[in-house]
Amino acid sequence: MATMIDGHATAEGTARYAARFEGRLPAGHFRRLGKDLVISSLGIGTYLGRDDDATDALYTRAVARALEQGLNVVDTAVNYRHQRSERAVGAALAAAIDAGAVRRDEVLVATKGGFVAFDGSVPPDPARYVAATYVESGIVQPSELVGGQHCMSPRFLDDQIDRSRANLGLATIDLYYVHNPENQLEGIEREAFLRRIRVAFSALEKAVGSGRIRMYGTATWTGYRVAATAAGALSLPDLVDAARDVGGSDHHFRVIQLPYNLAMPEAFVGANQRVDNTMLSPLAAAERLGVYVMASASMHQGGLSRNLPAMVAEALPGLTTDAQRALQFVRSTPGVGTALVGMKSPAHVDENSSVAATAPVPWEQFQRLFRTA
């Protein structure tokens with residue numbers, strides 16, 4: 001493996017980063033992940049875009065600009081743009097560190113594994129690629145694949161962690177998610193799923209022990225939003241219990257990621273998580289269980305960047321665009337730690353990061369948006 005950047009996000013480093021923006025950004029922009037890390041209320045995502053060099057260059061510049069603007073959370077995944085997003089993030093981090101713009105210990109880098117990833121582009125014969133790269137190599141057993149594309153076996157996760165480390169150029173990944181584990185429930189029974197997730201978490205605890213990752217979580221799409229009785233529903237208390245079973249009271253299951261925005265408010269308004277015999281929303285359950293929340297799709301993949309109702313501007317004042325208001329809604333929601341938004345240009349970074357200069361909306365004002373809830 002090529003030489004990689006050592007280190008990881010630390011309490012000292014992230015506090016140092018936040019201190020550089022004192023006087024420029026309000027205190028409410030930076031939040032605590034656990035007892036130690038200080039991370040931004042906005043983070044840059046890298047999901048969308050073509051699998052080409054031009055998009056790589058856009059993301060590299062956007063990540064660099066985000067780090068300059070007070071955003072020290074960078075989110076990606078091994079399958080985003082067929083590993084190209086991770087490589088663009090790695091290039092941006094290496095350049096920023098070499099230039100002295102940031103230090104490694106100031107930035108939280110999150111990535112994900114679970115979906116079989118192609119390498120750079122879709123191969124001519126995808127099924128043959130999966131067979132040759134993952135099955136015939138012994139990384140994955142056919143019975144471990146669900147839908148021909150999703151796996152969370154220890155061998156697979158170990159392989160994906162090392163692919164991500166190489167792509168990112170980082171010896172240690174700060175946060176590693178099991179990507180959309182609810183997909184497993186499309187092919188196996190819930191009891192089998194719970195056994196698999198325990199085995200996966202055990203592998204991730206070992207990866208923490210070896211210094212390849214620092215903490216882990218689950219990044220989901222539907223799992224935490226659907227009704228508790230739905231076939232693909234995830235129980236956060238069950239997952240925390242699984243982490244405690246394999247990692248003890250000091251387990252490293254620390255973060256969940258789920259979509260949340262003005263058009264998809266289920267994480268805040270839907271009571272589908274049973275904690276201590278009380279049904280809570282996913283955000284309230286996470287807070288009760290001590291799990292940090294990263295909100296994905298904060299602008300519904302651009303769908304909330306314009307034409308929002310006038311009441312949104314009234315409830316979220318001090319901003320100039322609907323894109324900013326959509327982000328302000330997410331980062332002001334009780335229980336949300338960081339609002340993630342995909343950004344592929346410095347101009348978008350500048351527009352969106354200007355939200356960081358505005359204090360989150362207090363609850364008394366924010367709740368006007370839920371008068372009918």
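A residue is termed buried when its relative accessible area is under 20%, exposed when over 50%, and partly exposed in between (1.4 Å probe, protein chains only). The structure is a predicted model, in which local features need pLDDT of at least 70 and side-chain atom pairs count only at pLDDT 80 or more, whereas totals for chains, interfaces and linings use all residues. Residues are numbered from 1 along each chain as its sequence is written, and side-chain values use heavy atoms, with hydrogens and water left out.

Leu-67 is located in helix α2, where helices (H or I, at least four residues) and strands (E, at least two) are DSSP runs numbered from the N terminus. Because its relative accessibility is 4%, Leu-67 counts as buried. Apart from neighbours within four places in sequence, Leu-67 is in contact with Tyr-17, Phe-21, Asn-72, Val-74, Leu-93, Ala-96, Val-102 and Val-107, contact meaning heavy atoms within 4.5 Å. The C-alpha atom of Leu-67 is separated by 28 Å from that of Phe-115, which is 48 residues apart from Leu-67 along the chain.

Helix α2 (residues 53-68) and helix α3 (residues 84-98) have axes that come within 8 Å and cross at roughly 45°. Axes are lines fitted to C-alpha atoms, for helices over the stretch in contact, and angles run from 0 to 180 degrees between N-to-C directions. The two helices α2 and α3 are therefore oblique to each other; angles under 35 degrees count as roughly parallel, over 145 as roughly antiparallel, 65 to 115 as roughly perpendicular and the rest as oblique. The crossing of α2 and α3 is right-handed, that is, the near helix is turned clockwise from the far one by less than a right angle.

Leu-236, Pro-237 and Val-240 of α7 make the contact with Ala-285, Ala-286 and Leu-289 of α9.

Ser-41 occupies the loop between β2 (37-40) and β3 (42-45). With a relative accessibility of 0%, Ser-41 counts as buried. Its side chain makes a polar contact with the side chain of Arg-331 at 3.0 Å; a polar contact is a pair of N or O atoms within 3.5 Å, of which, within protein, one must be able to donate a hydrogen and the other to accept it, and residues adjacent in sequence count only if both atoms are side-chain atoms.
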